[in-house]
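Colleague: I would like to learn how to read a protein model. Please take me through some features, with the general idea and then the case here.

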Amino acid sequence: MAVSAATNGLLTGRRQRMHDILKNLGSSGGSNSKAKPDAAIRRPVTDVNGTLIPDYDVIYTFDQLIDHSNPRLGTFKQRYYHTWEYWRPGGPIVIMTPGEQAMDGAEVHLTNRSMSNPYPDMTVQSLQVHTIEQAMDDLVYFAQNVKLAMPGGDTESVRPHRMPWILLGGSYAGALTSWTLNQRPGVFWAGYSSSGVIQPLLNFWQYFTPIQTHMPANCSADVQAAIELVDTVLDSGDAAAFEELQTLFGFSGLAPSDFANALTYVISDWQTLDIVSPRGSGFFEFCDALEVQGGQVAPASGFGGRSALEAWARFYRTSYIPTLCEGFDANACVTFDGITSSDTTPSDDRSWWWTVCSEVGWAQVGPPAGVTGIVSKHFTADNYTQYCRDAFRGAFSSSTSEYQARIDATSQKFLGWNTTAERLFVVNGNRDPWVEVTHSAAAARIASTATQPIFLTDGFHCSDLLADNAIDQSINQVFQSAITTFPQWVAEFKPSDKATTTTTTTGSDSNKNNSSLGRRDAAASALGLVLAGVVFAFMGL
């Protein structure tokens, strides 16, 4: 079966970066099995007393419920990493939070269901338990029942009512952090949400707005001008003119929507950038191909649409597409076809598409009429609807209105931009293509408060989860604030003799009844240098 590159920024960008820290957990293995260690963490690990403890790469397993609404279905093995290298008595348990020296905690990195997978396949029936609701309940059930290898980890002393647990995540896991603190109050004492995508949205054309704004001005101007020319051809319905156009790019016989989507791939490469990204990375190679001609650099207004279109086509035909689709037919490689995701073999990619199709949307499409953008208006939510129908036969119809209804239901259930929680530390980046579905979205106008501080840095997607990015002043300021904020919040915790009974809530103030994460790995999670504690790092999309 042909491999499709039509993930439109979902896998190669956001998910790949968040995937790095847990990549070793994707392999099967029993309790205490070994994963392949990263070179950066190959050293003996000792606790604060100098006693040797298990290596970072030891994989533990937890008997997680397959369906929290029907425990009789049994359990599956959910994998996680765990270390207590910097833990001291009284320290917290954190859901993914670097900064061990700050709070003397232990770490737990828990995989999500797409990696540990409750069933041996991912049929539509099996995927019924791959939901946001189940993911939140996984976190709660784990915290309330896991027996950790750390000292006292098999006793009541580590339970959330006896010890503060801090939940941390980035991107989808950042949203899950916010949703869980709101919907399951009283379990996790505090949370850290990095680039948390809290607002479900079907027509997410705003994904490309930060890219259009922050990419080099000449490149932005020329891409917009080139897209106008592309849309003129597609609007005309002239089949011959369209075939001539796509042939310039190295394609032939693509549907207009597939061609329009193919042009987004290099734009979506923006999501792979970070503060420390080299100037010669793929996205900038694309801009250089458009904006440097004969040794001359284009002015801020660019070289113009025709020049940009020809340069873009040449770049795709001679370099980008041959590299992206190496070993595969170019047309098959870029076709946005749900059939390519219909294989029911377990994969986090299929599980993620199930979430996209059933609950959150986030269709990265062209802008509405009247808005000039860097993506063709001929790639729409209707194309996502067809993708979902073909990828999950029998689950979804061809109706985009029904798709919209599913997204609206998720937004109503989990509150989207109306999500609030106490002791939730929120960080976003203004160069992040996902920023318009986070707490920092311009449309949301969410105010920062003492109990839910919201920071908007100059970063990209989850830039605050990489320690090297502290060279940026805005991110360094976030680190400094986290260093002071979390110890204060932890100090406010008061243990209780009674465990919290969780119930689903809607818009409640979280935790009022509490008794009082390649480059992003277990050793170098940016936050690990900032927070510390039981890092219950729930990463992974």
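Modeller: We can begin with the surface. The protein exposes about 19900 Å², and carbon and sulfur atoms supply 51% of this area. Accessible areas come from the Shrake-Rupley method with a 1.4 Å probe, and for residues only the protein chains shown count as cover. This is a predicted model, in which local features need pLDDT of at least 70 and side-chain atom pairs count only at pLDDT 80 or more, while totals for chains, interfaces and linings use all residues. Residues are numbered from 1 along each chain as its sequence is written, and side-chain values use heavy atoms, with hydrogens and water left out.

Colleague: What share of the residues in the protein is buried?

Modeller: Buried means under 20% relative accessible area, exposed means over 50%, and partly exposed is in between (1.4 Å probe, protein chains only). Of the 541 residues in the protein, 59% are buried.

Colleague: How many helices and strands are there?

Modeller: Helices (H or I, at least four residues) and strands (E, at least two) are DSSP runs, numbered from the N terminus. The protein has 17 helices and 14 strands.

Colleague: How do I check the span of a helix such as α5?

Modeller: The expected span is 1.5 Å times one less than the number of residues. Helix α5 (residues 172-183) has 12 residues and should span 16 Å, and its end C-alpha atoms are 16 Å apart, which agrees. Helix α17 has 19 residues and reaches 28 Å from its first C-alpha to its last, close to the 27 Å expected.

Colleague: Is α5 enclosed or open?

Modeller: It is largely enclosed by the rest of the structure, because 12 of its 12 residues are buried. Among them are Tyr172, Leu176, Trp179 and Gln183. In α17, the buried residues include Ile475, Phe479, Phe486 and Trp489.

Colleague: Which residues touch the most other members in the largest nonpolar core?

Modeller: A nonpolar core is a set of buried Ala, Val, Leu, Ile, Met, Phe, Trp, Tyr and Cys residues joined through side-chain atoms within 4.5 Å. The largest one has 117 residues, and those touching the most other members are Phe188, Val223, Phe249, Phe251, Phe286, Trp312 and Tyr316. Helix α12 (residues 305-324) gives the most to this core, with nine residues. Apart from this core lies another, of 16 residues, among them Ala190, Phe425, Val427 and Phe493.

Colleague: What does Phe251 touch?

Modeller: Contact means heavy atoms within 4.5 Å. Leaving out residues up to four places away in sequence, Phe251 touches Gln246, Phe259, Ala262, Tyr316, Ile321, Ala330, Asn331 and Val334.

Colleague: How many salt bridges are there?

Modeller: Side chains of opposite charge can pair when their charged atoms come close. A salt bridge is a side-chain nitrogen of Lys or Arg within 4 Å of a carboxyl oxygen of Asp or Glu. The count by this rule is 11. In one of them, Glu133 pairs with Lys413, with the closest N and O atoms 2.6 Å apart. Glu133 is in helix α4 (residues 132-145) and Lys413 in helix α16 (residues 400-414), so this pair ties together parts 280 residues apart in sequence. Glu133 counts as buried, at 16% relative accessibility, whereas Lys413 is partly exposed, at 40%. A network of salt bridges links Glu133, Asp137, Arg184 and Lys413.

Colleague: Where do Lys377 and Asp235 lie?

Modeller: Their side chains meet in a salt bridge (3.5 Å, N to O). Lys377 is in the loop between β11 (361-363) and α15 (381-391), and Asp235 is in helix α7 (residues 217-236), so the pair ties together parts 142 residues apart in sequence. Lys377 is partly exposed, with a relative accessible area of 41%, and so is Asp235, with 45%.
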